[in-house]
Amino acid sequence: MSRFVADVWGVVALSLSQEHSKVRHVATKSQDLFRKAGINTATTGKMSTKQAIKKIDAMRQEHVEYYEASHHGDINGVHAIVAYKQDTDTLVVYGTFNGKIDGIKFEELSKYSKNSEKRFGKWYFCMGQFQDAVSVMKETIADQPEQTETQTTKSKTMGQTPQELMMQAMSMMQQGGSIDESQVEAIVERKLKAIKPTKVEVVSAKATKRIDMAHKNFADGVALVGLGKNIALIGEAGSGKSFGAIQMAQSLDLDYVVESCHGKMQSFDLVGAMSPTTGSYITTKLRDAYENGKVLILDEFDRSNTETTIALNGVLAGDVYGFPDGMVKRHADFRVIACQNTMGNGASKTYASAKPQDGSTLTRFTRLEWNIDSKLELAICGDNMVTEAVQKVRNNAKDNGYDQILITPRQCMDANEMVDVLGWDLKKAINFSCLNGLADDVKKRLLNGVSL
């Protein structure tokens with residue numbers, strides 16, 4: 001469902017007799033509409049249009065009360081979310097059609113005959129019903145007075161930027177109005193900490209690149225790699241270490257190779273070996289990166305054996321290295337980025353397969369913390385009720401000391417897909433993505449304070 005920028009949004013109830021329509025709620029922004037209509041009851045976070053339609057379907061009776069109270073003799077009706085853009089005279093009708101949530105677009109709405117019949121799933125409506133609804137919506141927005149009184153402060157601040165909130169507060173004070181200062185400060189503080197992920201501009205000898213969605217520690221990491229350092233990204237599962245390493249290489253305009261480490265890895269998997277049958281050298285990703293100037297990304301580095309990784313000491317130490325087929329000069333652009341869950345001290349309750357690494361190897365890397373960045377997660381998964389619920393479950397797990405229960409951005413993406421693609425409600429999505437298989441008392445603690 002593609003994004004549509006509208007001037008006015010509305011919740012409209014439509015009679016199946018094709019004679020009437022009733023505008024129930026109107027707003028200039030979708031998020032304001034969802035809150036005004038009681039569709040989104042959360043105080044923070046955004047709701048997608050798909051999620052709003054699912055919620056409004058559950059509130060069907062409320063939205064067709066108009067017909068029961070009327071004298072039209074037709075109490076059968078359906079409801080839809082509509083959006084209208086005035087300069088192009090374009091209407092989009094959102095709803096559940098043939099079991100699928102979608103938006104149907106009508107350009108040049110005024111040119112349609114009022115009696116023109118259009119099918120929406122299993123129902124038929126006349127374009128006049130929508131034309132009448134749009135007229136009411138436009139008039140409602142035009143007639144709305146400017147809100148400056150104290151009691152409107154809370155609803156007006158929803159969805160505004162910190163700069164807009166401060167401008168509004170200053171304007172109210174200049175006009176002699178009274179405001180709840182602590183409320184404004186609290187909202188501004190929340191918005192300043194909101195979903196905007198880190199943006200980084202990387203300037204290298206080859207190019208200047210802007211990264212609009214980066215981990216909060218990305219700037220430090222890419223600076224170290226640009227300086228020629230080998231770094232270790234250390235953080236919990238699902239925090240985006242491998243992706244961050246790839247981002248660093250790409251932003252510096254360097255080629256990269258990824259080596260997945262494991263417990264059965266041998267030293268020849270890194271430095272290569274001479275074939276016993278042909279006598280020729282069997283190359284490796286490390287050799288390719290070392291000789292041709294690429295970034296070697298060692299994924300799951302702390303899963304490999306010490307006897308294997310210690311072979312890196314010589315590779316990382318000097319400007320030349322003795323591979324099985326001879327001495328090779330190190331390329332100036334060669335870098336190594338190790339991605340690991342632990343500090344290299346061995347297994348833990350959470351990461352049972354992690355192995356201890358030799359101190360002489362660990363000291364050759366500059367360590368950088370790379371845990372889950374909640375702002376980046378919001379930007380990737382969406383600032384909505386699903387993401388908010390997953391993050392709350394994760395925080396509850398940490399607060400209760402459930403170290404072995406991992407709630408990562410992978411679960412967040414899964415939950416959002418379950419809601420958006422499969423049409424599941426939030427409770428079912430959270431159960432399948434985060435809770436299934438856990439004891440009932442553990443589930444209860446994890447769901448403490450979670451709005452489902």
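Buried means under 20% relative accessible area, exposed means over 50%, and partly exposed lies in between, with a 1.4 Å probe and protein chains only as cover. By this scale Asp441 counts as partly exposed, at 42% relative accessibility.

This is a predicted model, in which local features need pLDDT of at least 70 and side-chain atom pairs count only at pLDDT 80 or more, while totals for chains, interfaces and linings use all residues. Residues are numbered from 1 along each chain as its sequence is written, and side-chain values use heavy atoms, with hydrogens and water left out.

**The chain as a whole**

The secondary structure comes to 20 helices and 18 strands, where helices (H or I, at least four residues) and strands (E, at least two) are DSSP runs numbered from the N terminus. Of the 452 residues in the chain, 46% are buried. Among contacts (heavy atoms within 4.5 Å) with a separation of 6 or more, 64% are between residues 24 or more positions apart. The accessible surface, computed with the Shrake-Rupley method and a 1.4 Å probe, comes to about 23100 Å², and carbon and sulfur atoms account for 49% of this area.

**Strand β10 and its partners**

Strand β10 covers residues 231–234, with Ile231 and Leu233 pointing one way, Ala232 and Ile234 pointing the other way, and all of them buried. Two strands pair if DSSP finds at least two bridges between them. Four bridges join β10 to strand β17 (residues 335–340) in a parallel arrangement, and four bridges likewise join β10 to strand β18 (residues 366–369), again in parallel. Ala232 stands opposite Ala338 in β17 and opposite Arg367 in β18.

**The setting of Thr308**

Thr308 belongs to helix α13 (residues 306–309) and counts as buried because its relative accessibility is 3%. Leaving aside residues up to four places away in sequence, Thr308 touches Met265, Gln266, Ser267 and Leu270. The C-alpha atoms of Thr308 and Ser267 are separated by 4.5 Å, although these residues are 41 residues apart along the chain. A polar atom of the Thr308 side chain lies 2.6 Å from the backbone oxygen of Met265.

**Charged pairs and a nonpolar patch**

Side chains of opposite charge can pair when their charged atoms come close. A salt bridge is taken as a side-chain nitrogen of Lys or Arg within 4 Å of a carboxyl oxygen of Asp or Glu, and by this rule the count comes to 13 salt bridges. The table gives examples.

| Salt bridge | N to O distance |
|---|---|
| Asp87 and Lys85 | 3.8 Å |
| Arg210 and Asp212 | 2.8 Å |
| Arg445 and Asp441 | 3.3 Å |

Asp87 is exposed, with a relative accessible area of 61%, whereas Lys85 is partly exposed at 21%. Arg210 is exposed at 51%, and Asp212 is partly exposed at 39%. Arg445 is partly exposed, with a relative accessible area of 37%, and both Arg445 and Asp441 lie in helix α20 (residues 440–446), four residues apart, about one turn of the helix. Salt bridges that share partners also join Arg287, Glu291 and Asp325 into one network.

Met213, Ile380 and Met413 make a nonpolar surface patch of about 260 Å². Patches are made of residues with over 30% relative accessible area and no salt bridge, like charges being joined within 9 Å and nonpolar side chains (Val, Leu, Ile, Met, Phe, Trp, Tyr) within 5 Å. Met413 lies in helix α18 (residues 409–420) and is partly exposed, with a relative accessible area of 36%.

Key. A polar contact is a pair of N or O atoms within 3.5 Å; within protein, one must be able to donate a hydrogen and the other to accept it, and residues adjacent in sequence count only if both atoms are side-chain atoms.
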